[in-house]
Amino acid sequence: MSKFMSASLCVALLAVSVAANAEGQVITNDLSKCRSGPSTLVHINGVKAGTGKIRVQSYRATASEWLAKGRWITRVEVPAQAGAMTVCVPLPEAGHYGIAVRHDVNGNGKTDLTSDGGGMSNNPSINIFNLGKPSYKKTGFDVGNAPKTISITMKYM
């Protein structure tokens with residue numbers, strides 16, 4: 001991985017980590033809640049290890065709420081499984097949302113830039129120019145009154 005890409009990923013992990021310090025609704029990963037109503041079934045690909053935790057957070061995809069401290073809607077934390085995982089994120093209503101995923105590889109609750117990974121809805125490019133925080137316009141997607149399935153590919157250093 002290039003130094004440019006490494007620095008960009010570090011900044012992205014920090015953006016997701018800082019936003020994760022907020023207060024919101026922490027829920028369990030109940031896949032049955034993604035059978036009807038506004039929700040997002042998140043297929044997470046490229047999880048590098050079966051250690052630590054995966055944290056999935058939903059936000060409204062607006063300039064003032066996307067990755068903003070205290071603005072996440074729901075958080076699902078699950079034990080990591082190497083390879084691929086699926087997480088259900090129920091949403092309060094139909095609307096425009098973004099999803100951020102973080103893999104705390106050693107489960108210490110801190111962002112370890114050399115090992116932890118992250119990803120966002122629509123798999124935007126992460127670079128130094130967007131300070132690791134891609135625009136809500138690039139990460140946002142519409143959810144109606146039925147479940148929406150998305151795929152997120154994890155990125156690591």
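View A. Where is the place of Leu 67? Leu 67 sits in the loop between β3 and β4. Strands (E, at least two residues) and helices (H or I, at least four) are DSSP runs, numbered from the N terminus. This is a predicted model: local features need pLDDT of at least 70, side-chain atom pairs count only at pLDDT 80 or more, and totals for chains, interfaces and linings use all residues. Residues are numbered from 1 along each chain as its sequence is written, and side-chain values use heavy atoms, with hydrogens and water left out. The phi of Leu 67 is near 60°. That is a positive value, and Leu 67 is not a glycine. Most residues other than glycine have a negative phi. Is Leu 67 buried or exposed? Leu 67 is buried, at 5% relative accessible area. (Buried means under 20% relative accessible area, exposed over 50%, and partly exposed in between, with a 1.4 Å probe and protein chains only.)

**View B. Asn 122, with a positive phi of its own.** Look in the loop between β7 (117–120) and α2 (136–139) to find Asn 122. Its phi is near 70°, a positive value in a residue other than glycine. How accessible is Asn 122? Asn 122 has 41% relative accessibility, so it counts as partly exposed.

**View C. The disulfide of Cys 34 and Cys 88.** How many disulfides does the structure hold? There is 1. (A disulfide is a pair of cysteine sulfur atoms within 2.5 Å.) The sulfur atoms of Cys 34 and Cys 88 are 2.1 Å apart. The link is right-handed, with 95° about the S-S bond. What does the pair tie together? Cys 34 lies in the loop between β1 (25–27) and β2 (39–47), and Cys 88 lies in strand β5 (residues 83–90), so the link joins parts that are 54 residues apart in sequence. Cys 34 counts as buried, because its relative accessibility is 10%. Cys 88 counts as buried too, at 1%.

**View D. Ser 39 and its surroundings.** Ser 39 belongs to strand β2. Its relative accessible area is 0%, so Ser 39 is buried. Which residues are in contact with Ser 39, leaving aside neighbours within four places in sequence? Among them are Lys 33, Cys 34, Val 89, Pro 90 and Leu 91. Val 143, Ala 146, Pro 147 and Lys 148 are also in contact with Ser 39. Ser 39 and Thr 149 are 110 residues apart in sequence. In space, they are 8.5 Å apart, C-alpha to C-alpha.

**View E. An open sheet of 3 strands.** What is the order of the strands? The order is β5-β2-β9, and the pairing is mixed. (Two strands pair if DSSP finds at least two bridges between them.) Strands β5 and β9 (147–153) stand at the edges, each with a single partner strand, so one side of each has no neighbour in the sheet. From one strand to the next, the twist averages 20°. β2 and β5 are antiparallel, and they pair over 7 bridges. His 43 stands opposite Thr 86 in β5.

**View F. A network of salt bridges: Lys 53, Arg 55 and Glu 77.** How many salt bridges does the structure hold? There are 5. (A salt bridge is a side-chain nitrogen of Lys or Arg within 4 Å of a carboxyl oxygen of Asp or Glu.) Glu 77 meets Lys 53 at 3.9 Å, N to O. This pair links distant parts of the chain: Glu 77 is in strand β4 (residues 74–79), Lys 53 is in strand β3 (residues 53–60), and they are 24 residues apart. Glu 77 also meets Arg 55, at 2.7 Å, N to O. Arg 55 lies in strand β3 and Glu 77 in strand β4, so this pair ties together parts that are 22 residues apart in sequence. Which of these side chains are buried? Arg 55 is buried, at 17% relative accessible area. Glu 77 counts as partly exposed, at 29% relative accessibility. Lys 53 counts as partly exposed, at 45%.

**View G. The salt bridge of Glu 65 and Arg 71.** The side chains of Glu 65 and Arg 71 meet at 3.0 Å, N to O. Glu 65 is buried, with a relative accessible area of 13%. Arg 71 is partly exposed, with a relative accessible area of 40%.

Conventions
Contact means heavy atoms within 4.5 Å. Axes are lines fitted to C-alpha atoms, for helices over the stretch in contact, and angles run from 0 to 180 degrees between N-to-C directions.
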